[in-house]
Amino acid sequence: MDGLNLTNSTISAFDKGTNTQFIGKSASGALYYVGHASLQWSIGQVPNVSYVVSIMLDSVLQRYEKLYQKHPISLNCFFLRKTIPGPILIEIEDIKMSGKGYCLSRAVLKQLNNFDDPMPTNIDEYDPAMFNDKIQGVFTMGNMLNEQGVTVLHKPLTPPSRENLEPFKYIFMGDMVNSKIDHSMLPKSDNDGVQTPGTPEHHHLISFSDNRSVDFKSIPYWCDMFITPAANLGTDVWGGSIWCATMQMEIQFKRIPTGKEVLCSFITPHIMNSRLDLDGGIWDEDNNLLAVTRHQCLALPFSRNTPNVSKL
């Protein structure tokens, strides 16, 4: 029952936006799922990349739900083109399978070349020529309940202090989440409009506004639902508002999630020629590390965050 809002027994907004449906298995063994990328979970006109990865993870979790390897261990996704709000298709091909060891599967998010064409409702209707790849990902799956071995924590990441966090509403998806952030990292302007750059870090406490639980499927979303740390340098440094397009995102899952909210810290150590790396950590309500993430992004004018097709 993870992910359902049990208060009123209705499906949560996040699950409405990320659930996928199995439509069949090809002769080669690939599995296919269909879903929908919602404008409701977008930055500007482009669905949030980590939200879209959560859609992919929904399909991967379905593929493994009856296997020993029920838990995601890691994922590494490469973003080839913008995802457009609308129907999507997920293709999953197994790379390495095991009885009790770790498994690897490749997942590809595809969208129609022409949004006027109908989406397949079963595998017999699927024509690869009608689709183009938007995201390629490799997912490692295992069983966290049966992992054993040495545990050593050397200079581990630490969660932000709740004492430094104050209420904040995001411009995009602000109605979908409740959040508190560390405002001290933001740029500041004096009475004459002279801007002092902030710090390329972002720390916050965040949860779904409909009280949805934290689970594996939501972890990718939390790993990119934030003010991009580089943007805290301010518009004077960047010459205007920026959009940090994600080129690559890696997540390593550390434990089975629980609770209703997560603490998050993100930092950008290096910006070179507007290409930046970003490191982050996600913790549960008891300060247990749930996941670590690393992104490679390219800072672009925010005007680039617009659809490249006329039909949405």
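Let me start with two residues, Asp15 and Lys217: both are buried, where buried means under 20% relative accessible area, exposed over 50%, and partly exposed in between, with a 1.4 Å probe and protein chains only. Before I go on, this is a predicted model, in which local features need pLDDT of at least 70, side-chain atom pairs count only at pLDDT 80 or more, and totals for chains, interfaces and linings use all residues. Residues are numbered from 1 along each chain as its sequence is written, and side-chain values use heavy atoms, with hydrogens and water left out.

Asp15 and Lys217 form a salt bridge, with their closest N and O atoms 2.8 Å apart. The term stands for a side-chain nitrogen of Lys or Arg within 4 Å of a carboxyl oxygen of Asp or Glu. Asp15 sits in helix H1 and Lys217 in the loop between S13 and H3, so this pair ties together parts that are 202 residues apart in sequence. Helices (H or I, at least four residues) and strands (E, at least two) are DSSP runs, numbered from the N terminus.

Arg212 lies in the loop between strand S13 (201–208) and helix H3 (219–222), and Asp15 in helix H1 (residues 13–18), so the parts joined here are 197 residues apart in sequence. Asp15 has a relative accessible area of 5%, and Arg212 has 0%. A network of salt bridges links Asp15, Asp58, Arg212, Asp215 and Lys217. Over the whole structure, the search finds 12 salt bridges.

Another one joins Glu93 and Arg106, with closest N and O atoms 2.0 Å apart. Glu93 is in strand S6 (residues 86–96) and Arg106 in strand S7 (residues 103–112), so that pair ties together parts 13 residues apart in sequence. Glu93 is partly exposed at 28% relative accessibility, as is Arg106 at 22%.

Residues 40–111 are 22% helix and 46% strand, while residues 192–298 are 7% helix and 47% strand.

How many disulfides are there? The count is 0, taking a disulfide as a pair of cysteine sulfur atoms within 2.5 Å. The sulfur of Cys223 is 7.4 Å from the closest cysteine sulfur, in Cys264, which is too far for a bond. Cys223 is buried at 0% relative accessibility, and Cys264 is also buried at 0%.

Of its 44 lining residues, Ile43, Thr228, Ile242, Trp243 and Phe302 are the closest to its centre. Strand S14 gives the most to that lining, with 6 residues.

The second largest pocket has a volume of about 580 Å³. Its lining has 19 residues, with Thr151, Leu153, Lys254, Arg255 and Leu289 nearest the centre.

A pocket here is an open set of points on a 1 Å grid over the protein atoms alone, where a 1.4 Å probe fits, with protein on both sides within 12 Å along at least five of seven lines; lining residues have an atom within 4 Å of a point. Points are joined across faces, edges and corners, and a volume is the space filled by probe spheres set on them.
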